Structure formats: C-alpha cells, structure tokens
Amino acid sequence: MPMKELLTFMNCPCAGSNLPRFVHPILLGLLADGPLHGYLLLQRLEAMPQFQGNAPDPAGVYRLLKQMEHDGLLHGTQEPGRTASRRLFSLTERGRACLLRWMDTLEQHQASISRILNFLRGASRSRPSHS
C-alpha cells in the first residue's frame, strides 16, 4: 500500500488502534457484499463466532455506524417513512480502502502474535519448572 494511502488511515481504527472485538472491520466486511440495514448488521454481528452469541451493545454499534458514515467509510440512506433502524448502509470507496488496510493490519498482528507465541513456547520448554 502506498505511503500516502497509509497516512490517510493513520488515525483510523484500521491502523490497529481498536483491536478488541474487531467490530469495525467486521462491519466493513459485512457491508463489502452489499448494503444492509442496521438491524441486520446487528443480527450478523451476534452470529459471528468471536462474539459467542453476545453481539456488542446495539447503541454502540449504531454510534460506530454513524461515526463510520461521518468518516466517509459508509453511506447511509434513510428509507422514506422508516425509523432510524431502517437506515440502509453501504460501503464507500474509502470504506473499501479501509477494509483493505484492516486486512493488512490484522495480517501483521497475526504474524507478530505467531512470533510471540513461538518465542513463549520455546522459553517455556527451555526453562525448568520450579515446584
């Protein structure tokens, strides 16, 4: 990814500043195949294995969707005569670029975690246990 592209996401969670529970990248991934309503996004989040049937707080998800829309990652369309829960969200080009950045970031973290685990496994085998 070109340096200029990396810099545009410096303060974005896709740079790795918001790794717990991975809601941000999962929302981008869910929207990569096409627009979805907020309530459907919540249902799909809850079904994700990492949430173990306990989706993040709906109000928090809607705040995140609003922030992602403000950041230009999503485009929300209010359906006529519907409530806010019937807002249709779609990924923007910037959102697709952010999704790609998330993938790079997560791959880097996965490689780093693998190296740490390998180190810890080696360290635990090389030291005698003290009972």
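Helix 2 and helix 3 cross in a right-handed manner, a crossing being right-handed if the near helix is turned clockwise from the far one by less than a right angle, and left-handed if anticlockwise. The contact (heavy atoms within 4.5 Å) involves Val23, Ile26, Leu27, Leu30 and Leu31 on helix 2, together with Leu41, Arg44 and Leu45 on helix 3. By class, 7 nonpolar residues, no polar ones and 1 charged residue take part; Ala, Val, Leu, Ile, Met, Phe, Trp, Tyr, Cys and Pro count as nonpolar, Asp, Glu, Lys and Arg as charged, and the others, Gly among them, as polar. The axes of helix 2 (residues 23-31) and helix 3 (residues 38-47) come within 11 Å and cross at roughly 115°. Axes are lines fitted to C-alpha atoms, for helices over the stretch in contact, with angles from 0 to 180 degrees between N-to-C directions.

The model is predicted; local features need pLDDT of at least 70 and side-chain atom pairs count only at pLDDT 80 or more, while totals for chains, interfaces and linings use all residues. Residues are numbered from 1 along each chain as its sequence is written, and side-chain values use heavy atoms, with hydrogens and water left out.

The protein contains 5 helices and 3 strands. Helices (H or I, at least four residues) and strands (E, at least two) are DSSP runs, numbered from the N terminus. In order from that terminus, the elements run α-α-β-α-α-β-β-α. Of the 131 residues, 32% count as buried, that is, under 20% relative accessible area with a 1.4 Å probe and protein chains only, against over 50% for exposed and in between for partly exposed.

Helix 2 is mostly covered, with 8 of its 9 residues buried. These are Val23, His24, Pro25, Ile26, Leu27, Leu28, Leu30 and Leu31. They pack against strand 1 (36-37), helix 3, helix 4 (58-70), strand 2 (74-78), strand 3 (87-91) and helix 5.

Helix 5 (residues 93-126) has 34 residues and spans 50 Å from its first C-alpha to its last, close to the 50 Å expected at 1.5 Å a residue. The expected span is 1.5 Å times one less than the number of residues. Buried in helix 5 are Gly95, Ala97, Cys98, Leu99, Arg101, Trp102, Thr105 and Ala123.
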